[in-house]
Amino acid sequence: VLSPTSTIPGKTMEAGSYHHVDLKVGLYQPIYLGGIMSSQVSLNHNRSKETRSDQQAASLSISGKIKASYFRFLILIEEIRLLDALIEQLSLHKTKLDHLYREDLIGQADVLETEIRIDDIKLNRNELIKLVAIEKERFFYLCQTDLDKVERRYTETVGPIEASMNHYKAN
């Protein structure tokens with residue numbers, strides 16, 4: 001029953017003895033469309049999950065590249081250290097060969113072979129030094145941190161990426 005003057009949002013109606021108003025209010029339920037609406041909701045939800053997953057994968061990819069660069073650097077440094085030790089041992093061996101050559105106990109070919117081997121190792125060492133410089137540049141490009149400032153001992157925290165990044169920034 002409407003009062004003599006009733007206000008319905010968007011419309012004013014008057015009711016009285018000489019006014020005949022037919023007011024019809026109803027609710028409409030959409031026709032079942034085969035699950036299209038629910039599948040669209042599910043599709044949008046899956047797209048948002050995929051976007052989050054892609055962002056996480058990109059972040060893991062970058063962190064993987066940083067780790068790979070760091071480990072390549074450590075391997076190259078260790079190889080240089082081993083080559084230095086080998087050069088030192090071959091130099092001592094060459095000194096012994098020089099003494100044996102002066103005593104005419106061995107031929108000059110043995111001495112020359114050792115010298116060539118030392119020179120070859122020195123060339124390899126110089127190539128490794130160039131590779132270390134390239135790796136330092138790559139590491140700096142990936143995370144804007146000088147590799148010489150990074151600790152040479154590897155440690156890894158277990159947990160979410162945010163905790164790892166905080167640990168990395170703190171150290």
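Buried residues are those under 20% relative accessible area, exposed residues those over 50%, and partly exposed residues those in between (1.4 Å probe, protein chains only). Glu78, at 34% relative accessibility, therefore counts as partly exposed. The model is predicted: local features need pLDDT of at least 70, side-chain atom pairs count only at pLDDT 80 or more, and totals for chains, interfaces and linings use all residues. Residues are numbered from 1 along each chain as its sequence is written, and side-chain values use heavy atoms, with hydrogens and water left out.

The protein contains three helices and two strands. Helices (H or I, at least four residues) and strands (E, at least two) are DSSP runs, numbered from the N terminus. Along the sequence, the order is β-β-α-α-α. Of the 171 residues in the protein, 15% are buried. Contacts (heavy atoms within 4.5 Å) were also sorted by sequence separation. Among those between residues at least 6 apart, 61% join residues at least 24 apart.

Helix α1 spans residues 36-102. It has 67 residues and reaches 95 Å from its first C-alpha to its last. That is close to the 99 Å expected at 1.5 Å a residue. The expected span is 1.5 Å times one less than the number of residues. Asp104 follows α1 and has a positive phi, near 60 degrees.

Helix α2 covers residues 108-143. Its 36 residues reach 53 Å from first C-alpha to last, close to the expected 52 Å. Just after α2, Gln144 takes a positive phi of about 50 degrees. The buried residues of α2 include Val111, Ile118, Ile121, Leu128, Val132 and Phe139. Thr114, Glu135 and Cys143 are also among them. The buried residues of α2 pack against α1 and α3.

Two packed helices are described by the angle between their axes and the distance between the axes. The axes of α1 and α2 come within 9 Å and cross at roughly 165 degrees. Here, axes are lines fitted to C-alpha atoms, for helices over the stretch in contact, and angles run from 0 to 180 degrees between N-to-C directions. Angles under 35 degrees count as roughly parallel, over 145 as roughly antiparallel, 65 to 115 as roughly perpendicular and the rest as oblique. α1 and α2 are therefore roughly antiparallel to each other. α1 passes α2 in a left-handed crossing. A crossing is left-handed if the near helix is turned anticlockwise from the far one by less than a right angle, and right-handed if clockwise.

A search of the whole structure finds nine salt bridges. A salt bridge is a side-chain nitrogen of Lys or Arg within 4 Å of a carboxyl oxygen of Asp or Glu. One of them pairs Arg81 with Glu78, with the closest N and O atoms 2.5 Å apart. Both residues lie in α1, three residues apart, about one turn of the helix. Arg81 is partly exposed, at 47% relative accessibility. Asp98 and Lys94 form another salt bridge, with closest N and O atoms 3.1 Å apart. These two residues are four apart in α1, so about one helical turn separates them.

The side chains of Lys136 and Asp148 also meet in a salt bridge (3.0 Å, N to O). Lys136 lies in α2 and Asp148 in the loop between α2 and α3 (161-170), so the pair ties together parts that are 12 residues apart in sequence. Lys136 is partly exposed, at 25% relative accessibility. Asp148 is partly exposed too, with a relative accessible area of 41%. Elsewhere, salt bridges that share partners join Arg72, Glu135 and Arg138 into one network.
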